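Subject: Handover of a structure, with findings

Dear colleague,

Please find below the structure that I am handing over to you. I would be grateful if you would read the notes after it with the model open.

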Amino acid sequence: MSITAKELAKKLGLSEAAVSMALRNKPGVSTQTRRMVLDAADKYEYDFTKIVKSTARSRHITFVIYKRQGAIVGSTPFFSELSEGIETACTQGQFKLQIVYIHKDDDVKDKINEITYSDSAGIILLGTEMHPEDFTPFANLSIPLVLLDVYFDTVGHDCILINNIQGAFLATNYLISRTKKQPGYLRSSYGIENFEERADGFYKAVRHNGMSVSKSIVHRLTPSTEGAFADMMELTEQGEELAPCYFADNDWIAIGAIKALSKRGYRIPEDIAIIGFDNVPMAAYLEPPLTTVHVPKKYMGEMAVRRLIEIINNKNNYPVKIEVTTRLIKRVSV
């Protein structure tokens, strides 16, 4: 015979009201108390069919956008398409979508409690700018969570992300095959996990082609068009040595660099070839059009929602890491 809520309250030394709120995922108890009650309910085989679970009633999903610098995550085509995919899949699954922004300087635990107490069925967490320690407040939520656009070895949750290593390898390998020259690297001055993985892919391709990684010229540029333009203008003014071809961490860096180099009189791709990453809409209309790596951004958003709904409907899931593959878009800049 399964334990009752009254008996559970007695065992835990809590009021029946507190146990009821925890079991029903209602506001009024701390996250720690809620976790303790749910763990005890599982241990003593509480019959959850006795109550109408809030996750069954709740028909909204929370999209949490975490910001550290704010320079990477924002109103860019990448995140617009990602959001479009999330919204489309929520509508198809008959869930409403609410969007919450969290900055690293916010009271993150308080923001998380607000989401939990709002009867959200689950969270999609955009972790593009996150460091591993930033995820700590999200580690023991009482509702399902899918981490989007980043992966950490220490995180025991589902992760949906780009196969950055594969994409950067494809781009760099193509760059070398076309130019037959040692590639340079236009690397982001902001350290995020996606860019670290792209660095792995770049150097993997350099080694694959029998070249020494130490001979690749690396410039650290701001990951925005304006910032990369200003940085590259300064580098050329100072007479820094330039590579005959470059892989860039993202399209914004590539576009800013192309504009600066063109202003300095360099021809693209005759003098310097450049390849980007992300396939932002502007890349196709640049002069010359930018060769880049396409990321199926909308599909990633849709997949994150579908996986979250699967977890909401079936608690017996093992966390998975899903890497979405990329493809090369050949244009004129290489």
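This is a predicted model: local features need pLDDT of at least 70, side-chain atom pairs count only at pLDDT 80 or more; totals for chains, interfaces and linings use all residues.

Residues are numbered from 1 along each chain as its sequence is written, and side-chain values use heavy atoms, with hydrogens and water left out.

The two sheets

Helices (H or I, at least four residues) and strands (E, at least two) are DSSP runs, numbered from the N terminus. Two strands are said to pair if DSSP finds at least two bridges between them. Backbone hydrogen bonds are what pair the strands of a sheet, in either a parallel or an antiparallel sense.

Val 64 has Leu 125 in strand 3 as its bridge partner.

Another open sheet has 4 strands, again with parallel pairing, in the order 7-6-8-9. Strand 7 (218-221) and strand 9 are the edge strands, and each pairs on one side only. Neighbouring strands of this sheet are also turned by 20° against each other on average, direction ignored. Strand 8 (residues 245-248) pairs with strand 9 in the parallel sense over 3 bridges, and the bridge partner of Tyr 246 in strand 9 is Ile 274.

Helices

Contact, here and below, means heavy atoms within 4.5 Å.

A pair of packed helices is described by the angle and the distance between their axes. For helix 9 (residues 225-237) and helix 10 (residues 251-263), the axes come within 7 Å and cross at roughly 40°. Helix 9 is therefore oblique to helix 10; angles under 35 degrees count as roughly parallel, over 145 as roughly antiparallel, 65 to 115 as roughly perpendicular, and the rest as oblique. The residues of helix 9 that meet helix 10 include Phe 229, Met 232 and Met 233, and those on the helix 10 side include Trp 252, Ile 253 and Leu 261.

Thr 292 is placed in strand 10. Its relative accessibility is 0%, so Thr 292 counts as buried; buried means under 20% relative accessible area, exposed over 50%, and partly exposed in between (1.4 Å probe, protein chains only). A polar atom of the Thr 292 side chain lies 3.1 Å from the backbone nitrogen of Phe 277, and one lies 3.3 Å from the backbone nitrogen of Asn 279.

His 294 is also found in strand 10 (residues 292-294) and is buried, with a relative accessible area of 19%. The side chains of His 294 and Asn 279 make a polar contact at 3.0 Å. A polar contact is a pair of N or O atoms within 3.5 Å; within protein, one must be able to donate a hydrogen and the other to accept it, and residues adjacent in sequence count only if both atoms are side-chain atoms. Leaving aside neighbours within four places in sequence, His 294 is in contact with Asn 279, Thr 326, Arg 327 and Ile 329.

Backbone details

Most residues other than glycine have a negative phi, and most peptide bonds are trans. Glu 45, not a glycine, has a positive phi of about 60°. Glu 45 is in the loop between helix 3 (31-43) and helix 4 (54-57) and is exposed, with a relative accessible area of 59%. Lys 180 also has a positive phi, near 60°; Lys 180 lies in the loop between helix 7 (164-179) and strand 6 (184-188). A cis peptide bond joins Ile 268 and Pro 269, with omega about 10°. Another joins Glu 287 and Pro 288, with omega about 0°.

Yours sincerely

Methods
Axes are lines fitted to C-alpha atoms, for helices over the stretch in contact, and angles run from 0 to 180 degrees between N-to-C directions.
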